[in-house]
Amino acid sequence: MSLVTTACGGGFVPVAPQPTGFEHDNPCNLVSPIEHPQAAYPPSAGEQPGWVALQYDITADGATANVVVKASSPQGYFEQSAIDAVTKWRYRADEATAGCRLLITFRPPE
């Protein structure tokens, strides 16, 4: 049985708590991106907040690769926007780094 509530004419899906410790011991905590466009809030999400937990690798030339959604809430709203943003990130890197973890939070635009 799934729980869905409706608020003032639009669907609202309760958001699960963000995973705690997801970015802990992240191999990429010491590497800062030199280009990091923000994830766009998808218009189809309406007023729905949410989050996406991603895992990805940094290649030796500083590009991101193997971007994978590890978890999200609510599902089906924000995953593609998060992937699209992180695939455009660039790092100053001397060697490849695997297993980077990132948690992106989405809030409706004001």
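This is a tour of one predicted model, stop by stop, with something to select at each. Local features are given where pLDDT is at least 70, side-chain atom pairs count only at pLDDT 80 or more, and totals for chains, interfaces and linings use all residues. Residues are numbered from 1 along each chain as its sequence is written, and side-chain values use heavy atoms, with hydrogens and water left out.

**Stop 1**

Select β4 (50–58), β5 (64–73) and β7 (97–106). Helices (H or I, at least four residues) and strands (E, at least two) are DSSP runs, numbered from the N terminus. The three strands form an open sheet in the order β5-β4-β7, with antiparallel pairing. β5 and β7 are the edge strands, each with a single partner strand, so one side of each has no neighbour in the sheet. From one strand to the next, the twist averages 20°; the axes behind such angles are lines fitted to C-alpha atoms, for helices over the stretch in contact, and angles run from 0 to 180 degrees between N-to-C directions.

Two strands pair if DSSP finds at least two bridges between them. β4 and β5 have seven bridges, and β4 and β7 are joined by eight.

Now move to the turn between β4 and β5. These strands form a hairpin with five residues between them. Gly62 lies in this turn and has a positive phi of about 95°.

**Stop 2: the helix**

Select α1, residues 79–86. Which of its residues are buried? They are Glu79, Ser81, Ala82, Ala85 and Val86. Buried means under 20% relative accessible area, exposed over 50%, and partly exposed in between (1.4 Å probe, protein chains only). The buried residues of α1 pack against β4, β5 and β7.

Zoom in on Ser81. Ser81 counts as buried because its relative accessible area is 15%. Contact means heavy atoms within 4.5 Å. Apart from neighbours within four places in sequence, Ser81 is in contact with Ala39, Ala40, Pro42 and Phe106.

**Stop 3: the aromatic rings**

Select Tyr41, Tyr77, Phe78 and Phe106, which form one aromatic cluster. Rings of Phe, Tyr and Trp (its six-membered ring) pair if their centres lie within 6.5 Å; planes under 30 degrees apart count as stacked, over 60 as edge-to-face and the rest as tilted. By this rule there are five aromatic pairs. One of them joins Tyr41 and Phe78: the pair is tilted, at 5.6 Å centre to centre and 55° between the planes. Tyr41 is in the loop between β3 (33–35) and β4, and Phe78 is in the loop between β5 and α1, so the pair ties together parts 37 residues apart in sequence. Tyr41 and Phe78 are both buried.

**Stop 4: the disulfide**

Select Cys28 and Cys100. A disulfide is a pair of cysteine sulfur atoms within 2.5 Å, and the count here is one. The sulfur atoms of Cys28 and Cys100 are 1.7 Å apart. Cys28 lies in the loop between β2 (10–12) and β3, and Cys100 in strand β7, so the link joins distant parts of the chain, 72 residues apart.

Why is the disulfide left-handed? The torsion about the S-S bond is about -45°, which means the disulfide is left-handed. Cys28 counts as buried at 7% relative accessibility, and Cys100 is buried at 0%.
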